Amino acid sequence: MRATHQFITEKYHEFNRSIFNGTLPEVRLTISNAKTRLGYLKFKMLTPWQKPKAEHFTLAVSRYYEVEQSELEDTLIHEMIHLYLHWTGKNDETPHGPNFRTMMETVNRRHGRHITVSSRTSKQKTESDTNIRRHYITVVSMRGGERVLAVCARTRIFYLDDMLSRTPGMENREWYVSTDPWFNRFPSVRTLKLYRVPDQQKLDSLLTASIRCEIAGNIFRPIPHGKQKIF
C-alpha cells in the first residue's frame, strides 16, 4: 500500500494512545513524495528557554513506494519516537543516539514492531522503482574518459547547463529526455551534482532509445533525427 493522509492520521492517533500514552501533541501530518527516505520529522530550532509547541513540528511519510502496511506503520512510529524525544526534551545530540535506540528497542519488544534506526530507503527499493516519469538527463564526459550524469528538474536545465559550462575538467555534455524507469535511481538535482555510472554499456543502450536534445539560446528542444548521435 501507499501512504495516505487519512491512514497516517488514524494511525498517529492510534499509536499515540497505545504506545505513547497520549503524550504527543497534534502536530501537522503530511504526505511527501520523498524518494530517499520513507519518513522524516521537521521541527523549528528553539532556544534553551523556549518550550516546544505543536506548530513547531511537521511529521511526513512518503507515498513514493508501494510497501507493506507494517512498514508504513513502523516508519510512522520511528518519526513519532523522534517527536516524543523532542517534545519531552530528551532528544539526543545525534539523530539516533542512546535515548532513541533505547526507546526504539522498548517499543519493538513491547509492541511487536520492527523499527530500525534508519528510515531511509534501501538501494534495492530504489532500484526496484518502476514508476514512469519524464527525466531530463545530462551526460558529461570528463577529461580522462570518465562519463557521469545528472538528472535534473525541468526548471533547472538552463541553470545546470550554465554551471557545467564552467566546470573544470569537462570536455563535453549532452542532454537527453527519457521515461525509462532505470533513471529513477538517480535523484532529481537542483544544483550541480554528478553521479558515476558503473555500467556504461547499459547507459549507452538507454540513451539510444532516449530523445537527444539541445539548448539553443533560451530554448530546450529535441535535436532533429538526422543529427542524433548513433552508438
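This briefing describes the packing, ring pairs and selected residues of one predicted model. The largest nonpolar core of the model has 32 residues, and a second, separate core has 28 residues.

**Nonpolar cores**

- Within the largest nonpolar core, which has 32 residues, those with the most contacts inside it are Y12, F20, L59, I77, M80 and I81.
- At least two residues of this core come from each of α1 (5-18), β1 (28-32), β3 (57-62), α2 (69-87) and α3 (98-111), and α2 gives the most, with eight residues.
- Y12, leaving out residues up to four places away in sequence, touches L24, P25, V27, L29, L59, L76, M80 and L83.
- The second core, which is separate and has 28 residues, includes V139, V151, L160 and C213.
- As general background, nonpolar side chains in soluble globular proteins tend to be buried together.

**Strands β1 and β3**

- Strand β1 is mostly covered, in that four of its five residues are buried.
- The pairing of β1 with β3 runs in the parallel sense and extends over five bridges, with T30 standing opposite A60 in β3.

**Aromatic rings and charges over rings**

- Elsewhere, W182, F183, F186 and Y195 are linked into a cluster by ring pairs.
- Two arginines lie over tyrosine rings: the charged end of R154 sits over the ring of Y136, 5.6 Å from its centre, and R156 lies over the face of Y159, at 4.4 Å from the ring centre.

**K11 in helix α1**

- K11, which lies in helix α1, has a relative accessible area of 15% and is therefore buried, the cut-off for burial being under 20%.
- The side chain of K11 makes a polar contact with the side chain of E14, at 3.2 Å.
- When its neighbours within four places in sequence are left aside, K11 is in contact with Q69, E73 and L76; L76 is also among the residues that Y12 touches.

**I219 in strand β10**

- I219 lies in strand β10, which covers residues 219-222, and with a relative accessible area of 42% I219 is partly exposed, because that class lies between the 20% and 50% cut-offs.
- Not counting residues up to four places away in sequence, I219 touches F158 and E214.
- The C-alpha atoms of I219 and N21 are separated by 58 Å, and these two residues are 198 residues apart along the chain.

Technical notes: Residues numbered from 1 in each chain as written. Predicted model: local features only at pLDDT ≥ 70, side-chain atom pairs only at ≥ 80, totals over all residues. Heavy atoms only, no water. Core = buried A, V, L, I, M, F, W, Y, C linked by side-chain atoms within 4.5 Å. Buried < 20%, exposed > 50% of the residue type's maximum accessible area, 1.4 Å probe, protein only. Contact = heavy atoms within 4.5 Å. Polar contact = N/O pair within 3.5 Å; in protein donor to acceptor, adjacent residues only side chain to side chain. Phe/Tyr/Trp six-rings, centres within 6.5 Å; stacked < 30°, edge-to-face > 60°. Lys NZ or Arg CZ within 6 Å of the ring centre and 35° of its normal. Pairing = 2+ DSSP bridges.
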